[in-house]
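Hi everyone, thanks for coming. Have a look at the screen, and I'll walk you through how this one is put together.

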Amino acid sequence: SLAMVTDTSGIDDKSFNQSAWEGVKQFAAENGLEEGDGGYAYLQSNQESDYTTHLNALARRDFSLIFAAGFSIATALEEIAAQQPDTNFTIIDSVIEGKDNVASVLFKEHEGSFLAGVAAAMTSKTGKVGFIGGMESEVITRFEVGFTEGVKAVDPDMEVDVVYVGSWSDSATAQTHANRMYQGGVDVIMHAAGGAGNGLFTAAKDIKEKDENANVWVIGVDSDQFAEGATKNGHNVTLTSMIKNLQTAVMDISTKAKDGNFPAGETIVYGLKENGVFLSENGGMTDEVKAAVAEYTEKIASGEIVVPEK
């Protein structure tokens, strides 16, 4: 049986948690598990104080494998894993060392974000692009650095406007930042802000609905966010999405656990080579941009280009 605790972005953030939950549901469907005790479940965290309570509650309900979706849950998980030695836990986006009932999952966000930077720089007409992060952390730094490196690979002189919301759920603040950027001449913005990133889509769609010739683009994150970019006047502002394949990771760990090979105490890293991150074909990328992205993908996967993390 497996369960998951969300971070404060929510299960339907159309991004991070949603992608992990899809993995849980896929595993459940393939293994005949039903929602509820003995099958699969999730608990939604509305504030950080929920993490400990939720992890404890799921362990007490006897779920054999519990996923903690997000690095902000790490401290709570260390505490509960020590108290619940018979339950296996997996932290996504953080590393917990020295616990023989915890596996850690990381992604090479910088590799996928480099591709997003290439797409942004090749699509921009103004020479200005932007990045909106959620909460400052090693994970989101990897997104930011990778994105900036990809932009500079195309045009070393291009401006990259970077801002952090300080939240995974405050879409109003993200919208304010996005509007400021677009008004200042930025025409492509990538986000790595979880549910807060929905404010970026709102800003871009508002502009496109007022002027369908406006060149405004959004790069989605974690899940394929193409559907989020649909405007009322029949356009779509999503350029592409940097997909973080949480679904694959959740499936992989769950299958290993089921087969008695739970990677206890290990850290598993999924990069471009492992299909852990990739750029979605859904969106406004031209064939020229797609070709460049394919070329860079090959170079990064083969190790010819090494993308820095910080």
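Let me begin at Phe143. Leaving aside residues up to four places away in sequence, Phe143 touches Glu109, Ser113, Phe131, Met190, Ala192, Val221, Asp222, Met242 and Lys244. Please keep in mind that this is a predicted model.

Where does Phe143 belong? Together with Ile92 and Phe147, Phe143 has the most contacts inside the largest nonpolar core, which has 60 residues. Helix α4, residues 109-123, gives that core its largest share, 7 residues. Apart from it there is another core, this one of 21 residues, and Ala68, Phe89, Ile96 and Val102 are among them. As general background, nonpolar side chains in soluble globular proteins tend to be buried together.

Now to the sheet. It is open, has 6 strands with mixed pairing, and reads β7-β6-β8-β9-β10-β12 in order. Which strands stand at the edges? Those are β7 (159-164) and β12 (277-279); each has a single partner strand, so one side of each is left without a neighbour in the sheet. On average, and ignoring direction, neighbouring strands here are turned by 15° against each other.

Let's zoom in on one pair. Strands β8 (residues 188-192) and β9 (residues 217-222) run parallel and are joined by 3 bridges. You can find Val188 opposite Trp217 in β9.

Finally, the helix on the sheet. Helix α5, residues 138-154, lies across β6 (128-133), β7, β8, β9 and β10 (238-244). How is helix α5 angled to β6? The helix runs at about 170° to that strand.

That's my tour, so over to you for questions!

Terms used:
Residues are numbered from 1 along each chain as its sequence is written. This is a predicted model: local features need pLDDT of at least 70, side-chain atom pairs count only at pLDDT 80 or more; totals for chains, interfaces and linings use all residues. Side-chain values use heavy atoms; hydrogens and water are left out. A nonpolar core is a set of buried Ala, Val, Leu, Ile, Met, Phe, Trp, Tyr and Cys residues joined through side-chain atoms within 4.5 Å. Buried means under 20% relative accessible area, exposed over 50%, partly exposed in between (1.4 Å probe, protein chains only). Helices (H or I, at least four residues) and strands (E, at least two) are DSSP runs, numbered from the N terminus. Contact means heavy atoms within 4.5 Å. Two strands pair if DSSP finds at least two bridges between them. Axes are lines fitted to C-alpha atoms, for helices over the stretch in contact, and angles run from 0 to 180 degrees between N-to-C directions.
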